[in-house]
Amino acid sequence: ASLKHTYWPEIERVVAEQIRSARMGLGKGAWQLFVEDGEMKMYRREVEEDGLVVDPLKATHQVKGITGRELCHYFFYPEYRYDWEGTLETMNVVDKIAEDTIVFHQIHKRIWPAAQRDATFWSHLTHVPDEENKSEDSPHIWATVNSSVELPSHPPNGGKQVRIYLTIILMGQTIISPAAKGRELKRDDITCKITYCAVVNPGGWAPSSVLRAVYKREYPKFLKRFTAYVIEKTKNLPIKL
Ligand SMILES: CC(C)(C)c1cc(CCc2ccccn2)cc(-c2ccc(S(=O)(=O)CCO)cc2)c1
């Protein structure tokens, strides 16, 4: 619990900032649509820091049959991650600092010709209160935020991997069709509006062209594969709003 005390102020700050970022549309900055596939739209801004590609990514998507809470649940809990995270080689829970807050160390598969990478980050699962209207049927919004953290137990480049630095939010808002009013809710009545924002500094040098190509391939693959996974996992389960 003392660990939660240590991290908590930063977690609150980063989570609030990420929710604001996910809520506002594309906002200012030259966002370019780089993938469009059905309801999935992915935008990026071309940003380099000391010659490193750190292109912020913002993706929106909409899928029927799952809730924002279910989406964020399967993204947060470690036991499902190997099922949907294709670039994962190993994942360790370094610390479970609360029911809704876990510290991870992940080693990702090497993607040629880039060197292998790893990440240490806290992950926080939270319901997002709706500011606008406090009405009882306020939109059901949940989010999971992942943000890099320095761990004395896992110093950067301790192994042979290059340390990446990430801040990610996956936010899901459940929309219930009006036709469902007054009768039992079915999965056909719900749609999840998804917003995924990611800023990942790849750490050590990697050719911009390579990173952007990987980026363009990996991110759409992740979002499609992950949402399909949640649909599959929940289809015969009671709806968790
Ligand atoms: C491509 C780049 C943006 C730099 C990148 C490279 C690598 C390292 C592995 C890798 C993947 C693809 C290309 C090169 N290396 C990982 C990630 C990454 C890690 C984590 C998350 S997460 O949303 O927290 C889901 C939990 O795993 C998302 C993205 C991104």
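**Close-up views of a predicted model**

**View 1. Charges across the chain.** The chain carries 33 positive and 31 negative side chains, and the centres of these two sets sit 3 Å apart. Here Lys and Arg count as positive, Asp and Glu as negative, while His and the chain ends are not counted. Each charge is placed at NZ of Lys, CZ of Arg, CG of Asp or CD of Glu. Keep in mind that this is a predicted model, where local features need pLDDT of at least 70, side-chain atom pairs count only at pLDDT 80 or more, and totals for chains, interfaces and linings use all residues. Residues are numbered from 1 along each chain as its sequence is written, and side-chain values use heavy atoms, with hydrogens and water left out.

**View 2. The overall fold.** You'll find 4 helices and 12 strands in the chain; these are DSSP runs (helices: H or I, at least four residues; strands: E, at least two), numbered from the N terminus. The C-alpha atoms fill a box of roughly 60 × 45 × 35 Å, taken along the principal axes.

**View 3. A look at S208.** S208 belongs to helix α4, which covers residues 208–234.

**View 4. Who S208 meets.** Setting aside neighbours within four places in sequence, S208 is in contact with E48, G51 and V53 (contact means heavy atoms within 4.5 Å). L52 is 156 residues from S208 in sequence, yet their C-alpha atoms are 6.9 Å apart in space.
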